[in-house]
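Work through each task with the sequence and structure at hand before reading its solution.

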Amino acid sequence: MPATDRTATGAAMDAPHAEPHGSLGVAFWATLKRDLVLLLRRRSEVMNPLVFFAIVITLFPIGISPDPQLLATIAPGLLWVAALLAALLSLDSLFRADYDDGSLEQLLLTPQPLALLSLAKVTVHWLLTGLPLALMAPLLGIMLALPAGSYAVLALSLALGSASLSLIGAIGAALTVGLSRGGVLLSLLVLPLYIPVLIFGAGAVQAAIFGDGVMAHLAILGALLAVALIFAPWAIAASLRISING
Amino acid sequence: MWAFIHKLGSPKWFYDISARLQPWFWVLALALIAVGTVWGLAFAPADYQQGNSFRIIYVHVPAAFLAQSIFVTMAVAGVIFMVWKIKIADMAAAMMAPLGAAMTFVALFSGAVWGVPTWGTWWMWDARLTSMLILLFLYLGVIALRGAFASRDSASRAASVLAMVGVINIPIIKYSVDWWYTLHQPASFTLTERPAMPTEMWLPLLIMVVGFYCFFIAVTLLRTRSEILRREANKRWVRELAGGIR
């Protein structure tokens, strides 16, 4: 039962970090560890986006055509869009459980800045959603006859890009966590903001297929991530405060 | 200076001053749009390449200008509301969002109509049209988020945060879409990249743009005034105004 799991870890985690004025690093690592433990105890929740990713990729050859040549031309975009949707799907649960059982309010009350703590939560989301999706994508690339030489770039671009996706998406998740049915609204808010990442992520894979320089795309993905890292935590923190108080 | 801003923040004061300003903007808007329309549609010379179909810019360009400026104005109003808690700013932001979405739609629709004689199709994934479409989604997200909250204060703050996040993203989205388009460019003919326009062509365009801005201000004042009455319905001065007191 998730509920008993949560209280058990809560007690276990609280003991060593009970002092209210720990350093920033201590608070960051404690939040990170707590969320990792919580999520790893509910493996199915971690697996669901990956299964979703695989199923969506299966739909395309069935819906369009099994012709490898056709699939190879659209594979970079398909893989990126499907991974993006899988990451989006997992966003709703990012703050949901903490909101429901009140831990989010405790997070707001800590003396450490909420932006930093939400950054820890987003890091966990990326570690258990974005990174596995990136590692899984080459496998699905084989099934879509993705041309050789682009597999490493696919995984790398997804790993870099999904970190931005997690950061941007967390803003939407934080804004909608207080709403009882925020799922569709969340996608409506977040998807338009995902477009630059999609353009440069899929572009990197395309460039690798055509043999063009890949570094420019990856550099821009990195730049997007840097911008998201600077701004998103503050927006997430502000949104969480709105959701809690509303 | 501060006294002026605080006065501006008072709904009653804003209600009074806007009553005096509003007629001027209506007169200006109607006069300029009438002059610009007649001049642009009837007297401006036809384009040597596109013939008369270019006259759509007299609606398209002002609408596109407004679509972008309204989003920026909305975000600025969001900042003012979040930082100084000036309620008028939020009321204006809430009231201008539907107009902005409508202007984005007008720009998209007129672009599509212009595409029929120029490109031979209603829709092309042209960089400008695509960015406009994304802007429309951003508007719809802000409007939907505001509507999703039961508490007005939460709705206002959430919509303000989303507008700020959106306004940071608009340039990023615009440049990445431009970049994406140059990579997949199907046609090299865009609406505004034309050889320098003769004065008889751009002067009516300028008049239309100014007219549309006046129209935007007039509509926003009108809608904000009615929103003030709605939100302040329990205040004494509103009840006195309605004659409902005693």
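A salt bridge is a side-chain nitrogen of Lys or Arg within 4 Å of a carboxyl oxygen of Asp or Glu. This is a predicted model, in which local features need pLDDT of at least 70 and side-chain atom pairs count only at pLDDT 80 or more, while totals for chains, interfaces and linings use all residues. Residues are numbered from 1 along each chain as its sequence is written, chains are lettered from A and ligands numbered from 1 in the order in which they are written, and side-chain values use heavy atoms, with hydrogens and water left out.

**Exercise 1.** Describe the salt bridge between A:D35 and A:K121, and state where in the chain its partners lie.

*Solution.* Begin with the distance: the closest N and O atoms of A:D35 and A:K121 are 2.8 Å apart. A:D35 belongs to helix α2 (residues 24-40) of chain A and A:K121 to helix α7 (residues 114-143) of chain A, so that the pair, 86 residues apart, links distant parts of the chain. Finally, A:D35 and A:K121 are both buried, where buried means under 20% relative accessible area, exposed over 50%, and partly exposed in between (1.4 Å probe, protein chains only).

**Exercise 2.** Contrast the surroundings of two chain B pairs, B:D178 with B:K174 and B:E227 with B:R231.

*Solution.* In the pair B:D178 and B:K174, the closest N and O atoms are 3.5 Å apart, and both residues lie in helix α6 (residues 152-183) of chain B, 4 residues apart, about one turn of the helix. B:D178 is partly exposed, with a relative accessible area of 23%, and B:K174 is partly exposed at 29%. For B:E227 and B:R231 the closest N and O atoms are 2.7 Å apart, and both residues are buried. The latter pair also belongs to a network of salt bridges that links B:D90, B:R146, B:E227, B:R230 and B:R231.

**Exercise 3.** How many salt bridges are counted between chain B and chain A, and which element gives the most to the chain B side?

*Solution.* The count between chain B and chain A is 0 salt bridges. On the side of chain B that touches chain A, the elements giving two or more residues are α5 (127-148) and α6 of chain B, and α6(B) gives the most, with 15 residues. The contact (heavy atoms within 4.5 Å) takes 25 residues from chain B and 23 residues from chain A.
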